[in-house]
Amino acid sequence: MSDAPIPARFYPAGGAAHGHPARLAWQDGTLLVLPEDSPPQRVDIAALQVEARGFNHSQWALQWNDADGNQLLMVDDAHIAPLRDAAPALFAGGHQIRQRTHRRFGAGILFLIALPLLLLAGFFLSIDPLAERVVAHIPSGIERQIGAAVLARTRAEGRMIDSGPAWEAVQIVGKRLARPAESLEFHLVDKPDINAFAAPGGIVVVYAGLIDKSASAEELAGVLAHEIAHVELRHSLKQLVKSAGLRVIVAALLGDYGGLGGWAAQLGELKFSRDAEREADLRGLARLHEAHIDPSGMPRFFETLAKSEAGRMPALFSTHPATTERLDALQKAIAAGNRGPVEPIDVNWSAVRKGLSTSASETAPGRR
Amino acid sequence: MAMDVVDYEIFGNEMQYVEVELDPGEAAIGEAGVMMYMQDGIQMDTIFGDGSQQQGGFFGKLMGAGKRLITGESLFTTVYHNEGSGKRRVAFAAPYPGKIVPVDLSTIGGTLICQKDSFLAAAKGVSLGIAFQKKIGVGLFGGEGFIMQKLDGDGLAFIHAGGTLMEKTLAPGETLRVDTGCVVAFQPSVDFDIQYAGKIKTALFGGEGLFFATLTGPGKIWLQSLPLSRMADRIVMASRAAGGGGKEGGSVLGGIGLGSLLGRDE
């Protein structure tokens with residue numbers, strides 16, 4: 001046990017504060033202390049008190065009392081192994097304290113790293129009610145202004161169709177769907193995309209491609225009812241509030257990692273819209289019943305859509321629930337719902353589609 | 001040990017620099033960006049990591065550099081070799097007002113824990129490491145953060161801190177309460193902890209914050225009288241751009257302005 005002497009610092013009772021360098025060795029149950037500038041001492045193991053001390057408990061304090069008073073040895077943990085092997089019981093208490101400090105440090109660091117993530121997760125979970133509350137406080141005037149801005153951008157991006165049979169058909173179907181107190185605007189964009197969207201302030205925008213794909217006015221009515229439901233539920237406004245809120249929170253918690261904020265906001269939008277689309281489907285369906293329009297046009301259009309989007313992204317990543325999924329839900333709702341009297345929509349649909357293709361080519365050079 | 005023995009001389013009063021004399025073949029390491037001048041014959045070599053000899057291979061070097069990245073030091077250390085035939089000198093300047101203190105690591109047991117950023121220069125062979133403050137409370141409120149620097153070896157190291165540096169030897173069990181942020185360096189045998197200031201009134205209006213740092217002996221400690229952050233705060237407070245009472249124009253009203261009536265710090 002006494003092969004390599006252990007370096008230590010010896011603080012004799014009543015000695016100088018800076019202590020003296022010493023060497024330690026373990027011999028037959030006693031600790032042999034060899035200070036550099038004083039005679040050697042032997043300390044009985046029974047008299048020794050050991051505790052972990054110093055920065056991060058990285059040092060061991062070996063103390064004993066003799067005729068001169070309290071004697072102290074400080075040994076670095078790096079050199080303590082031979083002594084600990086010789087008398088493990090002496091070091092058990094200090095070792096426990098060291099372990100506890102290390103564990104707490106690890107847990108603390110984990111906590112500090114996890115805290116912002118936890119806050120973020122909490123925010124994610126509570127964002128729906130939060131956004132709803134905020135939206136409830138937004139006056140309709142501001143909503144209208146946002147809608148006007150969205151419409152202006154749409155106008156800047158593509159030509160609008162402001163007359164002709166297609167435009168008229170959209171107005172007629174829209175009017176039938178609107179309730180008396182509602183002020184809704186319907187716009188038609190001359191673009192081949194199969195798309196339609198609702199903007200804050202009662203604005204519904206339909207793309208020409210959608211009309212081209214619809215086989216009847218009832219199908220268009222299904223899409224419009226869905227979009228009007230978005231307006232009614234103030235979905236686009238909620239989405240705006242949510243993505244703005246998410247961006248701010250992410251930036252506040254994680255610093256200015258622009259990409260990360262955008263990513264989180266998109267994730268929020270994704271989840272948001274999947275739920276919102278289902279809600280709008282059902283609300284739209286109720287509206288179709290209310291307007292005495294044959295609701296089967298809605299699922300029929302989704303069928304067309306499902307055919308055209310075969311081989312697209314899986315449901316998880318798309319903003320709309322997969323059309324087949326929606327289709328099933330809708331058909332179930334139609335089967336379960338009450339069937340009131342149905343009145344056909346007074347629009348010559350084949351003329352509308354024909355007019356669309358001719359009006360688009362005719363008006364192309366002159367407009368906007 | 002492969003330590004180089006260096007002679008040195010410290011110049012200046014409050015804005016100091018240290019001139020290190022290197023025998024032929026000797027070398028010193030310096031924090032990147034602190035070299036002030038060097039004589040002919042001294043070769044500057046920038047190495048990845050911290051210049052200690054213990055770490056072998058690329059991975060060891062990467063670890064050393066990673067440690068420096070965490071402490072906020074630059075990834076590269078500069079080594080100054082004397083390739084000439086006679087004694088040559090190189091000088092390292094402190095980056096802000098304060099004192100440079102030489103610490104002979106061999107006399108204090110080979111290890112010194114110090115505030116990050118306080119390392120200035122050392123004999124080649126001194127290893128620069130990091131020491132995590134593992135007491136969460138001390139890391140949060142002790143004023144030194146969770147990451148401190150550890151100097152290992154038995155050569156000479158120069159540390160630097162703001163204001164006047166006080167060196168004190170604490171006897172076993174002797175405790176000193178220190179304002180947080182004033183601790184510069186201590187031996188590992190010193191217990192670094194925090195203590196609640198005790199009274200709400202003192203904590204709020206005493207100007208010392210909620211906690212004191214406590215240092216318990218045995219061991220040597222070094223304290224700074226003016227942490228850089230404190231000086232920086234005062235400079236910002238006094239600057240005109242920050243809405244402080246900067247008035248170098250010396251107008252008639254300047255001396256008796258509202259600011260001086262209210263006893264604003266300047």
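Over residues 105-125 of chain A the chain is 100% helix and 0% strand, with end C-alpha atoms 29 Å apart. This is a predicted model, in which local features need pLDDT of at least 70 and side-chain atom pairs pLDDT 80 or more, while totals for chains, interfaces and linings use all residues. Residues are numbered from 1 along each chain as its sequence is written, and chains are lettered from A and ligands numbered from 1 in the order in which they are written.

Me: What makes α2(A) a helix, and how does its span compare with expectation?
Reply: Helices are DSSP runs of H or I with at least four residues, strands runs of E with at least two, numbered from the N terminus.

Me: Where is the kink in α2(A)?
Reply: The bend at a residue is the angle between axes fitted to the seven residues ending there and the seven starting there. A kink of about 55° lies at I127(A), shortly before the proline P129(A).

Me: What makes a residue of α2(A) buried?
Reply: A buried residue has 20 or more other C-beta atoms, placed from the backbone, within 10 Å of its own. F91(A), G94(A), I127(A) and A131(A) are buried.

Me: How many residues does each chain give to the contact?
Reply: Residues are in contact if their C-beta atoms, placed from the backbone, lie within 7 Å. Chain A gives 19 residues and chain B 18. On the side of chain A, α2(A) gives the most, with 5 residues.

Conventions. Two residues are in contact if their C-beta atoms, placed from the backbone, lie within 7 Å. A residue is buried if 20 or more other C-beta atoms lie within 10 Å of its own, exposed if 12 or fewer, and partly exposed in between; C-beta atoms are placed from the backbone.
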